[in-house]
Amino acid sequence: MKKLLSLAVLLLSVITIQAQTYKVGDTASDFNLKNIDGKKVSMADYKEAKGFIVIFTCNHCPYSVAYEDRIIEIDKKYKTKGYPVIAINPNDPELYPSDSFENMIKRSKEKGFTFPYVIDETQEVYRKYGATKTPHVFILSKNKEKYTVEYIGAIDNNYKDESQVTVRYVNDAIDALLQNKKPAITSTKAIGCGIKSK
């Protein structure tokens, strides 16, 4: 009986953890995370923003590295239209030293990141959002101080070769939102490395 009860409690906790991750249409909560310049970044800092392109990414993952230039392009294209990129490193640097805060600063300078690159030190944010890969995108629209999840998934449909991309999921979703429409595709499978948890 005790074993059964323990199993039931464990199952309930797993279900509860899963239920806390975001789905399209959910309201996302803000975060307050340390940027590579040492300052804290939250969505509330962006008074004029219409929404956000939140990307869970890192230094070491080849998928993340393959997308770095495209993420810079997306940020440059859309931040002036009200949808800036905020990149979040969710990995535990003890498991992957290349994802340390110091290496985040180094990588940002090497690549010339045009967006905040913040660290999820407690790993609470990626768990709340339900990110499972790097990179993993969450597009949020902003209405007053309410952040609604509009798209979850991949950046586009070819991580290996940008010249072979036929569908740009993030661009298409933002273009639709800028026309006050819902994205035609709201969810895709994120392709990347598994997040390294404590």
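Is Phe138 buried or exposed, and at what relative accessibility? At 1% relative accessibility, Phe138 counts as buried (buried is under 20% relative accessible area, exposed over 50%, partly exposed in between, with a 1.4 Å probe and protein chains only). Before the close-ups, a word on the model: it is predicted, so local features need pLDDT of at least 70 and side-chain atom pairs pLDDT 80 or more, while totals for chains, interfaces and linings use all residues. Residues are numbered from 1 along each chain as its sequence is written, and side-chain values use heavy atoms, with hydrogens and water left out.

**View 1. Tyr129 pairs its ring with Phe31 and with Phe138.** The structure holds 10 aromatic pairs (rings of Phe, Tyr and Trp, the last by its six-membered ring, with centres within 6.5 Å; planes under 30 degrees apart are stacked, over 60 edge-to-face, the rest tilted). Phe31 and Tyr129 make a tilted pair, because their ring centres are 6.4 Å apart and their planes stand at 55°. Phe31 sits in the loop between β1 (27-28) and β2 (33-35), and Tyr129 in helix α4 (residues 124-129), so this pair ties together parts that are 98 residues apart in sequence. Helices (H or I, at least four residues) and strands (E, at least two) are DSSP runs, numbered from the N terminus. Both Phe31 and Tyr129 are buried. Tyr129 and Phe138 are edge-to-face, because their centres lie 5.5 Å apart with the planes at 85°.

**View 2. Lys34 lies over the face of Phe101.** The distance to look for here is 4.3 Å from the ring centre. To count as a charge over a ring, NZ of Lys or CZ of Arg must be within 6 Å of the ring centre and within 35 degrees of the ring normal.

**View 3. Strand β5 (residues 85-89) is largely enclosed by the rest of the structure, because 5 of its 5 residues are buried.** Val85, Ala87 and Asn89 point one way, Ile86 and Ile88 the other.

**View 4. β5 pairs with β4 and with β6.** Strand β4 (residues 51-56) runs parallel to β5 over 4 bridges (strands pair if DSSP finds at least two bridges between them). Val54 has Ile86 of β5 as its bridge partner. The chain gets from β5 to β6 through helix α3 (residues 101-111), in a right-handed β-α-β crossover. Right-handed means that, with the strands pointing away from the viewer, the path from the first strand over the helix to the second runs clockwise. β4, helix α2 (residues 62-78) and β5 make a right-handed β-α-β unit too.

**View 5. Cys61 and Cys193 form a disulfide.** A search of the whole structure finds 1 such link (a pair of cysteine sulfur atoms within 2.5 Å). The sulfur atoms of Cys61 and Cys193 are 2.1 Å apart, and the link is right-handed, with 85° about the S-S bond. Cys61 lies in the loop between β4 and α2 and Cys193 in strand β10 (residues 193-194), so the pair ties together parts 132 residues apart in sequence. Cys61 and Cys193 are both buried. Cys58 is in no disulfide, and the nearest cysteine sulfur, that of Cys61, is 5.0 Å away.
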